[in-house]
Amino acid sequence: MGFPCVLVQDLVALAVVVLIVVFVIAHVTASVMDLTRHDKEKCFLTATGERELFSSLREPHSRELTVVIPAYNEEHRMPVMLDEAMEYLENRQKRNPSFSYEVIVVDDGSTDKTTEVALKYTKKYGADKLRVLTLMRNRGKGGAVRMGTLSSRGKVILMADADGATKFADIEKLEAGLHNIDPKPENVAISCGSRVHLEKESVAHRSVFRTFLMYGFHFLVWFFCVRGIKDTQCGFKLFTREAALKTFSSLHVERWAFDVELLYIAQCFRIPIAEVAVTWTEIDGSKLVPIWSWLEMGCDLVFIRLRYITGAWRLETSPQKTD
């Protein structure tokens with residue numbers, strides 16, 4: 001047997017060993033969903049400072065719309081976003097008195113005055129319209145969105161970033177996307193905001209290295225997890241209540257790659273998804289660390305698929321209760 005054949009056999013054997021090791025690591029390091037709430041996380045403060053229990057996503061809806069805003073150290077950027085959102089929602093309610101809404105700001109264990117800033121809006125608009133969920137520890141953006149969603153009363157639930165990068169009125173585009181999905185089995189559907197139409201312009205202002213990382217991330221998303229959705233990371237997504245319960249009940253990833261797992265879960269459940277172009281402006285102060293965050297997300301993408309393949313993670317067909 002010649003040297004090339006031996007070399008090929010050794011490389012194949014090494015690849016098999018590496019693959020087994022990766023599978024084992026993915027399985028052993030898989031985290032269990034922690035839906036346990038601290039007693040203080042079960043309640044919100046009213047405008048007069050009284051504590052009341054949050055609702056549950058498992059209950060029937062009592063509002064048309066819930067807006068969930070994850071916020072970590074956002075005392076400076078969040079007011080601009082909340083001013084725009086509340087003005088839009090209030091004007092919409094004036095035009096259509098039957099329209100009802102709530103906003104849930106989820107303070108993800110901030111070390112600044114994020115909660116205090118959000119509570120000013122509770123005092124201005126009332127706790128029936130704006131509630132603050134303050135997490136006792138930092139869970140990550142995905143964990144914050146999940147906790148807020150599980151506390152929602154809306155018939156449809158919008159996930160929106162605290163930086164205000166997306167024009168809030170574009171919710172109407174997402175609603176149209178949701179409406180155009182037909183059929184909606186058991187009223188389960190998702191409408192995702194997309195920035196793909198802005199990609200050429202953004203690439204022109206990026207370094208070659210950052211552009212390479214971006215396309216590399218897109219490839220990993222396509223190869224391991226989600227097909228057919230060009231922008232999985234836009235923080236502007238609209239869920240029917242039924243879709244939110246089905247997807248967030250199975251969510252494990254609590255940090256930056258949680259959007260990808262959400263859409264992976266949705267596609268596993270064959271939930272129809274619309275992708276809709278939205279207005280988006282880059283806002284200074286992003287919490288993403290360019291290289292490290294992308295590497296972290298890349299690892300998450302590989303492990304998402306492997307953990308479902310190995311059975312370390314399972315899709316929840318019967319949504320779990322939160323404590």
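**Reading helix packing, a loop and a pocket**

Author: Helix 8 (residues 241-248) packs with helix 9 (residues 258-268) at an angle of about 105°, and their axes are 9 Å apart. The model discussed here is predicted.

Reader: How are two packed helices described?

Author: Two packed helices are described by the angle between their axes and by the distance between those axes. In this structure, angles of 65 to 115 degrees count as roughly perpendicular, and helix 8 and helix 9 are therefore roughly perpendicular to each other. On the side of helix 8, the contact is made by Lys246, Thr247 and Phe248; helix 9 contributes Leu262, Ile265 and Ala266.

Reader: How do the residues of the contact of helix 8 with helix 9 divide into nonpolar, polar and charged?

Author: The residues of that contact divide into 4 nonpolar, 1 polar and 1 charged.

Reader: Let us turn to a loop. Where does Ala47 lie, and is Ala47 buried or partly exposed?

Author: Ala47 lies in the loop between strand 1 (43-45) and strand 2 (51-53). Its relative accessibility is 35%, and Ala47 therefore counts as partly exposed.

Reader: Which residues is Ala47 in contact with, leaving aside its neighbours within four places in sequence?

Author: With those neighbours left aside, Ala47 is in contact with Thr122, Lys123 and Ala127. Sequence separation and spatial distance should be read together: Ala47 and Tyr125 are 78 residues apart in sequence, and 8.4 Å apart in space from C-alpha to C-alpha.

Reader: How many residues line the second largest pocket?

Author: The second largest pocket, in which about 290 Å³ of space lies, is lined by 13 residues. Those nearest its centre are Glu64, Lys155, Val156, Glu175 and Leu178. Strand 3 (63-71), strand 6 (154-160) and helix 5 (171-180) are the elements that give two or more residues to this lining. Helix 5 provides the largest share, 3 residues. By class, the lining has 4 nonpolar, 4 polar and 5 charged residues.

Methods. Residues are numbered from 1 along each chain as its sequence is written. This is a predicted model: local features need pLDDT of at least 70, side-chain atom pairs count only at pLDDT 80 or more; totals for chains, interfaces and linings use all residues. Side-chain values use heavy atoms; hydrogens and water are left out. Axes are lines fitted to C-alpha atoms, for helices over the stretch in contact, and angles run from 0 to 180 degrees between N-to-C directions. Helices (H or I, at least four residues) and strands (E, at least two) are DSSP runs, numbered from the N terminus. Angles under 35 degrees count as roughly parallel, over 145 as roughly antiparallel, 65 to 115 as roughly perpendicular and the rest as oblique. Contact means heavy atoms within 4.5 Å. Ala, Val, Leu, Ile, Met, Phe, Trp, Tyr, Cys and Pro count as nonpolar, Asp, Glu, Lys and Arg as charged, and the others, Gly among them, as polar. Buried means under 20% relative accessible area, exposed over 50%, partly exposed in between (1.4 Å probe, protein chains only). On a 1 Å grid over the protein atoms alone, a cavity is a set of points where a 1.4 Å probe fits but cannot get out, and a pocket is an open set with protein on both sides within 12 Å along at least five of seven lines; lining residues have an atom within 4 Å of a point. Grid points are joined across faces, edges and corners, and a volume is the space filled by probe spheres set on the points.
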